[in-house]
Amino acid sequence: MRTQLCELLGIEYPILQGGMAWIATAELAAAVSNAGGLGIIGAGNMPPELLAEEINKAKAYTDRPFGVNVYYLSPYVEEIIETVIKARVPVIATGAGNPGKHIPRLQAIGSKVIPVVPSVALAKRLTRLGVDAVIAEGMEAGGHIGELTTMALVPQIVDAVDVPVIAAGGIADGRGMAAALSLGAQGVQVGTRFVCARECTVHPNFKNMILHARDRDTVVTGASTGHPVRVLKNHFSRKFKQLEASGLPKEELEALGIGRLRKAAREGDVENGSVMAGQIAGLVKKEMSAAEIIKEMVTEAQRVFSGMKGV
Ligand code: TUI
């Protein structure tokens, strides 16, 4: 299962854990890195001092490479960049924006920069600026999403750029991993399944909602605000969709969304909060350790490929 991406990042298996805001803390990231994948702390809207603490914890829990996901809609993005540079975080993944202006300083201290790109155009632009790899994330993913599906996006980005491509969105087992590698990806990023990892410190109500979800239980809210977000259906998503359909102004809708992910992920209010999860939630049936998830995915992907030899 080793690919060039493993050499680039210094990891054993080409599996990255999504850097999910309020969910992917140092505990989860370190467990994934210790199991041979790449654990990623989600900075989200976190103040920089809090992120510095998480990074210190991750360094205490693992000697292996790990990453931080920088959320470009955060009001603290500049301070977050200063924080990850000061801490010399080995891998910086980015989401919800263009990290172009920060690439030279991050790479100067040896960090690998891996942006999420929802389109071929952005993948090409950032590759010209020297990013080390790109994450092609389809709209099956949970949270803030683009427009294209993983199946359509990954091979088009693979053909357009000359850096390793990591597939994300809709991948939670070895079959999905084998499919992504078949499309030309050199690795996968997995979010929803790692939310249900034993080491994930998210509120148990959030985990349980994913563990009981079925195939059609997610919905995309906020398309009219320009920031579409995939969540599990609940009281809040229904209310939000109604207000969106009634034409409530963009600013009011956005104000309504503030603090909702934290409410669900940390306080466990899964009816009035945003339970961000991908379409693959219906496949995630039990809590397992990060090491068990990685081992099962790799074994299953290997089985898919050995079965294919006879085709
Ligand atoms: O970032 C994500 N997913 C996220 S971030 C998040 S935190 C949040 N909290 C409260 C409300 C909403 C979100 C939850 N989920 N995925 C990566 C991703 N990046 N998806 C799409 C993009 C993206 C979109 C546009 C990346 C770049 C981009 O470029 C725009 C530009 O500036 O060119």
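**Entry 1: the Arg-105 pair**

I started with Glu-82, which comes out partly exposed at a relative accessible area of 37% (buried is under 20%, exposed over 50%, partly exposed in between, with a 1.4 Å probe and protein chains only). This is a predicted model, where local features need pLDDT of at least 70, side-chain atom pairs count only at pLDDT 80 or more, and totals for chains, interfaces and linings use all residues. Residues are numbered from 1 along each chain as its sequence is written, and side-chain values use heavy atoms, with hydrogens and water left out.

I then looked up the partner of Glu-82: Arg-105 makes a salt bridge with Glu-82, with the closest N and O atoms 2.9 Å apart (a salt bridge is a side-chain nitrogen of Lys or Arg within 4 Å of a carboxyl oxygen of Asp or Glu). Arg-105 sits in helix H5 (residues 103-108) and Glu-82 in helix H4 (residues 77-86), so the pair links distant parts of the chain, 23 residues apart (helices are DSSP runs of H or I, at least four residues, numbered from the N terminus). Arg-105 is partly exposed too, at 41%.

**Entry 2: other salt bridges**

I got a count of 11 salt bridges by this rule. One of them joins Glu-27 to Lys-57, where the closest N and O atoms are 3.8 Å apart. Glu-27 belongs to helix H2 (residues 26-34) and Lys-57 to helix H3 (residues 48-61), so this pair ties together parts 30 residues apart in sequence. Both ends are partly exposed: Glu-27 has 26% relative accessibility and Lys-57 has 29%. I also noted a network of salt bridges linking Glu-27, Glu-54 and Lys-57.

Next I checked Asp-173, whose side chain meets that of Arg-175 in a salt bridge at 2.7 Å, N to O. Asp-173 is buried, with a relative accessible area of 8%.

**Entry 3: the ligand**

I found 13 residues around the ligand, the closest being Tyr-71, Ala-96, Val-116, Glu-137 and His-144 (a residue is near if one of its heavy atoms lies within 4 Å). By class, this shell holds 7 nonpolar, 5 polar and 1 charged residues.

Then I went through the ligand nitrogens. A polar backbone atom of Ala-96 is 2.9 Å from a ligand nitrogen, and a polar backbone atom of His-144 is also 2.9 Å from a nitrogen atom of the ligand. From Glu-137, a polar side-chain atom lies 3.1 Å from a ligand nitrogen. On its own the ligand has 710 Å² of accessible area, and the protein covers 72% of that (Shrake-Rupley method, 1.4 Å probe).

Note on methods. A polar contact is a pair of N or O atoms within 3.5 Å; within protein, one must be able to donate a hydrogen and the other to accept it, and residues adjacent in sequence count only if both atoms are side-chain atoms. Ala, Val, Leu, Ile, Met, Phe, Trp, Tyr, Cys and Pro count as nonpolar, Asp, Glu, Lys and Arg as charged, and the others, Gly among them, as polar. Helices (H or I, at least four residues) and strands (E, at least two) are DSSP runs, numbered from the N terminus.
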